[in-house]
Amino acid sequence: MPITGIGSLIFMNKRRSVMKILPQSVTKLWNEWEVRVLVLISLFLQIVLILLGNRRKYIPSKWIRVILWLAYLAADWIAAVCIGVLSNSQGDSEDDSLQQTNIIRALWAPFLLLHLGGPDTITAYSMEDNELWLRHLLGLVVQFGGAFYVFLRSWEGMPLNILAIPMFVAGLIKYGERTWALRSASSSQFREAMLPRPDPGPNYAKILGEYTLQKSQGFNVSFEPVAEPSTKVNCLDPDEEILQVGYALFMTFKRLFADLILTFQDRKDSQSFFHNTTWEKAFVVIEVELGFMYDVLYTKASVTYCRWGHLLRAVSLSFTVSTSVAFLLINKQEYATIDLVITLLLLVGAIVLEMYAIIILLSSDWTMLWLSKHKKPLKDRVKMDRANKRWSNSMAQYNLLSLCLKEKPIKYLGPVQRLPYICEMLKKYRLGQHEGILWRFSRVYEMLEEHSYKTSVTVSTDLEILNDLKEFIFEHLSDKSNSAKEQSDANAIYKQLCAGRVICILGWSVEEDFEQSILLWHIATDLLYHTDNQDQNPSLDKCPDYRAMCKLVSDYMLYLLVMRPSMLPDGIGHMRFRDSRAEGIQTEACQKLLEVNTEVPPLQVEGDKSKSMLFEACRLAKSLQSLEITEKEKWEMVCDVWVEMLCYAASQCGWNQHAKQLRRGGELLTHVWLLMAHFGISEHFKISQGHARSVVVVT
């Protein structure tokens, strides 16, 4: 925020220089409309932020993120510049019309503080913004000082001067809410808030003294543990149970997002629910948890959903409404019509934005949770709750062979497409001094091309396959968790999952680096998918379509490798992908790849310089085809391999990367990571014994 203030000062200096160059008529028009335009732009940006701020939670479109990013950065800068221009225009003047203009424009200053406070739907665009809460606190002081300076310089004891006072209170509340929300979501404060109070435990010396005394008197003395209080939620309504269980688990497992450890009792409570529920309910509970987590990290939830937040909201709204009513009642004949219209727009805009924020608050899971805890009827909220989306419920897809075969060329980029060929011609005719520049442009085309091949599978398009995949993942992790009766066994399973990743009869295919295994199995799965017989009809034998599920996870894992490499273990995955793509362009069809003789390992022929995995994948595909098992058994085995790799990737992804994806519509990988933790398959369960206390029993 101080940087924004410095930027506004630089803008003011540049503005003076530009004004000297422009004609006098243009300068006059600029001075007359400059503040008006800036104030209206600031109001427009607030509308954009409040409308799109919450939608990025369940819409993964990059255009929403770009628009929101531009609006988020511009909103603070425009408001700060406008306060600077207002303070620069204030001063002693004998012209009555100019003095009246200064008075009404001084009323705009507290509205700019409201805009700097931002809407409830977005306080931080990214996780890094939360770490800058001290900068926003300093900005609060600086910008409030600037707005208050404008107010003092324009003071004439007029009614409009008095109306600015309640708006200053409302603006200060909004700006303070944003700063406090950023502070609460910063890594240090978020972690500090979850640490329990220091617990010295029972008075050991006193208890042992009592034990010794009773024993010396001949009594039979023993220690018995005190039963832990049950955390089981008893609700008649399924929706209420999901919300209450989701919130209870959120309050415990949000420690994962601060890299804190969990206890034996946490694991026991979580497993008792997930081992006795369906996969549908399990994934909805996880959606609720991650929805709460998004609200805490990126919105004003930590402020608005508490008693103080409700009180501050009531004060802010009542002051804004009372100011609007008073503005309509006072005499305003001496002020310019356009300034009156802008002031009215600011007042109406502030009320509408506040009412919209209240509607969002009432339709949120937080309100639904409060109603369920206070035994309020929820039947009237069922339709509203169903419309409250918690994540995109989609899986992005990326396919290497489709990219190699150019199945989906970029439109409207014909000249850019020719750049690689122009580079070759320049090299041929020894005009390579310009080749480097054109090669950089050709890389831009390659990047655009890579992004154009990203697709998405959503619930609306492939509901049955996505549901089958979720059920398969749930059963897979449930079986692993059931095989671990003690905490040490759970740790052993976690270590086995992280070290071995997958156990299958083709062990050589998963012994290399993880990103190499992804590329290897992705290409092999795609080759099998397009060349195997497609006689299997899962709707007839009522079994999952393992073939489609394998394709789904395969393309999703390659998407993570190419587009989200920070979510996977470190490696040279992108280099392997580019080399495999270059080699794949030489081949025109999947069938031709399988016709290539791979008797000699490709490494012996090509060497280690090229990191391509294309023909290694052909070897794997042929090995899978040669297995003496049915098609269903083969695809079920491949599906097991992919789910193992998905779980391994989820376990290796850092908590901060999972948190970052919440603002991009969410990732299935994050849901799998949290599901693994709920089943006890996580390295965060460090305490291997219960924490029950014991009491002395005398008999």
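**Before you start**

The model is predicted, so local features need pLDDT of at least 70 and side-chain atom pairs count only at pLDDT 80 or more, while totals for chains, interfaces and linings use all residues. Residues are numbered from 1 along each chain as its sequence is written, and side-chain values use heavy atoms, with hydrogens and water left out.

**Stop 1: K480 and E644**

The structure holds 19 salt bridges (a side-chain nitrogen of Lys or Arg within 4 Å of a carboxyl oxygen of Asp or Glu). Select K480 and E644 to see one of them, at 3.3 Å from N to O. K480 sits in helix 23 (residues 463-482) and E644 in helix 32 (residues 631-652), so this pair ties together parts that are 164 residues apart in sequence. Helices (H or I, at least four residues) are DSSP runs, numbered from the N terminus. Are these two residues buried or exposed? Both K480 and E644 are buried, where buried means under 20% relative accessible area, exposed over 50%, and partly exposed in between (1.4 Å probe, protein chains only).

**Stop 2: K551 and D526**

Next, pick K551 and D526, whose side chains form a salt bridge at 2.5 Å, N to O. K551 belongs to helix 27 (residues 546-563) and D526 to helix 25 (residues 514-531), so the pair ties together parts 25 residues apart in sequence. Here too, K551 and D526 are both buried.

**Stop 3: E631 and K634**

Now go to helix 32 and show E631 and K634, three residues apart and separated by about one helical turn. Their side chains meet in a salt bridge at 3.3 Å, N to O. E631 is partly exposed, with a relative accessible area of 31%, whereas K634 is buried at 4%.

**Stop 4: a network**

Select D120, K174, E177, K300, R313 and E354 together: salt bridges link them in a network.

**Stop 5: helix 11 and helix 12**

Finally, display helix 11 (residues 238-253) and helix 12 (residues 264-274), whose axes come within 11 Å and cross at roughly 155°. The axes are lines fitted to C-alpha atoms over the stretch in contact, and angles run from 0 to 180 degrees between N-to-C directions. The two helices are therefore roughly antiparallel, a term for angles over 145 degrees.

Which residues meet here? E241, V245, L249, T252 and F253 in helix 11 meet D266, S270, F273 and F274 in helix 12, with contact meaning heavy atoms within 4.5 Å.

Notes:
Parallel < 35°, antiparallel > 145°, perpendicular 65-115°, else oblique.
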